[in-house]
Amino acid sequence: MENYENKYPPNSPLKTKKIFFGAQIFLRVLTVGATLAAASIMVTNKQSISIGDFDMEAKYNYSSAFKFFVYANIIACVCSVLSLFFLCVVGRYSSNPGHIFFLFLHDLIMMLLLLAGCSAATAIGFLGKYGNTYSGWMPICDRFGKFCHRGTVSVMLAYLSVIFLLILTVSSANKSRQIHV
């Protein structure tokens, strides 16, 4: 009977490197798309209603939490584009542990920034949906349904970006662990 090693030879370092960089590029492109979509949906999110003689309007920039959410998505998108450029230009030709560690730190910081923005938007979205009876805050999503729905889609896309960045962080950490100096 053949040994396991003879039956299933390990991947060559070149093949492993190509898979790693291919996955990195693919996940970064998905991150850029999701953060860009989340930011653009939230920036264009507004709704006006009339109640009697009162005209009321809901916009993202009326809430500092939603503004922070948009800024976090824009920063994550731009930094992901820059890291994609870095990966394609510098990283493809080098297995320098410093480059992979840089990608790890970059992805970790972007993930934490985006998670903070998502958390802020989720908290305000929860207040918009359910209100807070102890503070006297009434829910607004029963009147501003379109605004709340678009905000929910935007936050879901941003959380998807957080998952992509988490996968990138874990893969970069794993790859930097495998490099022997």
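**Reading the labels**

Modeller: Contact means heavy atoms within 4.5 Å. This is a predicted model, so local features need pLDDT of at least 70 and side-chain atom pairs count only at pLDDT 80 or more, while totals for chains, interfaces and linings use all residues. Residues are numbered from 1 along each chain as its sequence is written, and side-chain values use heavy atoms, with hydrogens and water left out.

Biologist: How many helices and strands are there in the protein?

Modeller: Five helices and two strands, in the order α-α-β-β-α-α-α from the N terminus. Both kinds are DSSP runs numbered from the N terminus: helices are H or I with at least four residues, strands are E with at least two.

Biologist: What makes Asp107 and Arg28 a salt bridge?

Modeller: The term asks for a side-chain nitrogen of Lys or Arg within 4 Å of a carboxyl oxygen of Asp or Glu. Asp107 and Arg28 have 2.8 Å from N to O, so the pair gets the name. Asp107 sits in helix H4 (residues 97–130) and Arg28 in helix H2 (residues 13–43), so the bridge ties together parts 79 residues apart in sequence.

Biologist: Why is Asp107 called buried?

Modeller: Buried means under 20% relative accessible area, exposed means over 50%, and partly exposed is in between, with a 1.4 Å probe and protein chains only. Asp107 has 0%, so it counts as buried. Arg28 also comes out at 0% and is buried too.

Biologist: The structure holds two salt bridges. How do you know that Arg143 and Asp142 form one?

Modeller: Their N to O distance is 3.5 Å, which is within the cut-off, so this pair is a salt bridge as well. Asp142 is exposed at 59%, while Arg143 is partly exposed at 46%.

Biologist: Now the rings. Why is the pair of Phe66 and Phe147 called edge-to-face?

Modeller: Rings of Phe, Tyr and Trp (its six-membered ring) pair if their centres lie within 6.5 Å; planes under 30 degrees apart count as stacked, over 60 as edge-to-face and the rest as tilted. The structure holds four aromatic pairs. In one of them, Phe66 and Phe147 are 6.2 Å centre to centre with 70° between the planes, so the pair is edge-to-face. It links distant parts of the chain, with Phe66 in helix H3 (residues 64–89) and Phe147 in helix H5 (residues 145–178), 81 residues apart. Both Phe66 and Phe147 are buried.

Biologist: And what makes Phe86 and Phe102 edge-to-face?

Modeller: Their centres are 5.1 Å apart and the planes are at 65°, so this pair passes on distance and angle. Phe86 is in helix H3 and Phe102 in helix H4, so parts 16 residues apart in sequence are tied together. Phe102 is partly exposed, at 41%.

Biologist: Why is Cys77 in no disulfide?

Modeller: The nearest cysteine sulfur, that of Cys79, is 9.4 Å away, which is too far for a bond. Cys77 is buried at 9%, whereas Cys79 is partly exposed at 22%.

Biologist: What about Gly117: buried or exposed?

Modeller: Buried, with a relative accessible area of 0%. Gly117 lies in helix H4 and touches Phe68, Phe69 and Ala72, leaving aside residues up to four places away in sequence. Its C-alpha atom is 8.8 Å from that of Lys67, 50 residues apart along the chain.

Biologist: Last one: how much of the protein is made up of buried residues?

Modeller: Buried residues make up 35% of the 181 residues.

How values were computed. A disulfide is a pair of cysteine sulfur atoms within 2.5 Å.
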